[in-house]
Structures are given as C-alpha cells and as structure tokens.
Amino acid sequence: MQQGWLSNWLVKHEVVHRSLGFDHRGIETLQIKAGDWDSIAVILYVYGYNYLRSQCAYDVAPGGSLASVYHLTRIQYGIDNPEEVCIKVFAQKDNPRIPSVFWIWRSADFQERESYDMVGISYDNHPRLKRILMPESWIGWPLRKDYITPNFYEIQDAH
Amino acid sequence: MNLIEFPLLDQTSSNSVISTTPNDLSNWSRLSSLWPLLYGTSCCFIEFASLIGSRFDFDRYGLVPRSSPRQADLILTAGTVTMKMAPSLVRLYEQMPEPKYVIAMGACTITGGMFSTDSYSTVRGVDKLIPVDVYLPGCPPKPEAVIDALTKLRKKISREIVEDRTLSQNKNRCFTTSHKLYVRRSTHTGTYEQELLYQSPSTLDISSETFFKSKSSVPSYKLVN
C-alpha cells in the first residue's frame, strides 16, 4: 500500500503511528497515539495545516476504545485542491485522556467540549472543559455504547 | 370585524338590549384577546412565525405575540422540549398570569415525535410538564392547522365556567419532580485570560502564589460513567 507524505515523514523520524488507509477521495487517515498527539499536532500546524475542518468523537465498539477524529486542511491562496489529512486518536474507556488541540486550532473549543459531553473524552489542557449540550448536572456520557438511559418520568413513553 | 357589518352600530338597532351573563362576557372578551407567548425551540416555530405575517395574519383573532410571559395568556410549545429546556418551560409557564392556556404544537411536544424512540434527553410529550389544553398534531403543523387549534381553544374558552377553571387550576398543577442529580462543580479554570495582554484589576491583585494554589485545587474530572 502506498504511503502518504505525513506517514513517510513520521517513519523517517521514528514516530509510532499507523496508517488506516485512504478514504474514497484518497485522503490519508492516520492513527496516532494519544501521548504523541500533542507534538504531532504542532508539527502539522507548522507544516501548514492551518484549518481544523472538523473534530468529532465516537465510541468504536462495545467494550472497545473511544476515538477522537480530526480533519485537517491546508488552506492557501490560489489552490484548488488543498492538502487534507485525517487523524484518529484512540483512548481507553477507563481513562480517556487526549491532549487538547485548542491552543493550536482555536476552533476546537466547542467541538472538544461536545466530544467531552457526549462520549466523555477528557481533553487535557482545554481551558473550560464542561458540558455544552447536556445539563451540567447530567450523569454519564450519552453517546457511549454502554450508556443506559435513566428512567426519568419525562423520558418514559407517552401514553 | 368589519365596521359596516357590525349590527350594534346599525342606526335602527341602536336602542336594542343585549342580554348575556358576566361569565359569557368574560369568556368572550378573554377568547378575543388571546396573547400568545413567543416560544419556539425548533422548526415548529417557523410555521408559527408565518402566522404572525400578513398571509395568515393571526392578529385578526386578537392574538398579539408577547415576548414576556407576564403578559401572555397562551403558550404554543413550538418545538422539541429537551430535559435541559424543561425547567425553563415550566418556569415560563409558572410566570404566566392566570388564566393560561397551552397548545402542544407538533408531534415532538405531544409524544416526543421522531425523538420518542432511543433518545436520552427528549421529554416525551410536554403534558408531562405542564397541563395541555389542545393537542395540535403535525410535523410541523401547517399554519392553517394552528388556526384550527386556536378555533378549538376559543370554543373551549367560550364554554368555560370561571369556578371550574379555578378549581382545575388548583388541582392540575404542573409536574415537578426531583431527579436526585447532583450539581457538579464547574470545571471552568479561567485559563482563557492567561494569554490576553489585558488583565482585569481583580486578577492582578491576586499574588501568584495563591493563583497557583487555586489552580492545583481544581478537581480532576470524573471520567467513569
């Protein structure tokens, strides 16, 4: 399988990563360890990925790990097809800690708060990591596979 | 009402007598000036908002949209009500003066609609929170359907007896329950301002020692479900 630019660069500098293949548009997806993500994010920003297009998170499988996904784009003037890359960072469910990229791409602020709210990934160094959609008193992470909906009177079926 | 068609102002009937009861008169005046609260949480309000415009023009029913619950008689719950919105809705309803009426507009506020299966936060029917007078189905209901619901509500008000209403109001209180959720300490650490050049005088007064102390005392996030 061919390797993308970033994968080659990471191999050259002996950074542990895994290529997860290419999507239907030929954009490379890389898996990066949570411990390395802090420094690799800076490297990507310095290289020119100045636009965090989206940040999202999901629960991979019941009993599995949580994933935080970053879609990065290199925005330049006069470029039709800008470079893009997709980064996936996995975290264990018992202690899901992933370094925040807020200080690199400020647009990650609300996105990471939503990921924290829905699947409970704790983003280290995020300035105000608290619930954004659910009430602040809510218990549990609603979009995890093992989430059990509380049997509140309001949430029971209407008769 | 058209002035020309108004029989009371007819020259020949100017001396005539109208017999009615105070109850009917009160009901008639009340149903002629139902002031709805501007309450909308999602797409149903788009339909409701088109009623305010000239095409459907619900001012002709005496409906003047109010932005304050203190001045409103009617609340159309236009849109999905979530667990986070529920306390606000109950509070808005409680702030409205008696007598007050509720139209549950749209499928979401009747049963939870398309969110009634497998949703962790949608209230399944707004009648679990506040007493509903008219259920208005649709997803979203057409403006004509809203006018139909208003007509039905006006019929209901016209048949009302004041004593019954006050009795039912005392019994039919809105539902409040304690969910035994505990309010967690805010995880706001305030480090947003660290990078800014301007610092407010209050933060400047704090010595660096106490600042770091307070930073280290920030609780770690509870991560276990």
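How far is the sulfur of A:C56 from the closest cysteine sulfur? In this predicted model, the separation is 7.8 Å, the closest cysteine sulfur being that of A:C86, and this is too far for a bond. A disulfide requires two cysteine sulfur atoms within 2.5 Å. Over all chains, a search of the whole structure returned zero disulfides.

Chain A also carries a nonpolar surface patch formed by A:V42, A:Y45 and A:V46, which together have about 300 Å² of accessible area. Of these residues, A:V46 is located in helix α2 (residues 34-47) and is classed as exposed because its relative accessibility is 66%.

In chain B, the UniProt record lists B:C43, B:C44, B:C108 and B:C139 under "binding site". These positions span 97 residues in sequence, but no two of their C-alpha atoms are more than 10.4 Å apart, so they gather at one spot. B:C108 lies in helix α4 (residues 107-110) and is buried, with a relative accessibility of 14%. Beyond its neighbours within four places in sequence, B:C108 contacts B:G79, B:T80, B:G113, B:F115, B:V123 and B:G125. B:C139, by contrast, is placed in the loop between β4 (134-136) and α5 (143-158), and its relative accessibility of 60% makes this residue exposed.

Conventions. Residues numbered from 1 in each chain as written. Chains lettered and ligands numbered in written order. Predicted model: local features only at pLDDT ≥ 70, side-chain atom pairs only at ≥ 80, totals over all residues. Heavy atoms only, no water. Patch = residues over 30% accessible without salt bridge, like charges linked within 9 Å, V, L, I, M, F, W, Y side chains within 5 Å. Areas by Shrake-Rupley, 256 points an atom, 1.4 Å probe, with all protein chains shown as cover. Salt bridge = Lys/Arg side-chain N within 4 Å of Asp/Glu carboxyl O. Helix = DSSP H or I, 4+ residues; strand = E, 2+ residues; numbered from the N terminus. Buried < 20%, exposed > 50% of the residue type's maximum accessible area, 1.4 Å probe, protein only. UniProt positions renumbered as here; feature names shortened; annotations may be inferred. Contact = heavy atoms within 4.5 Å.
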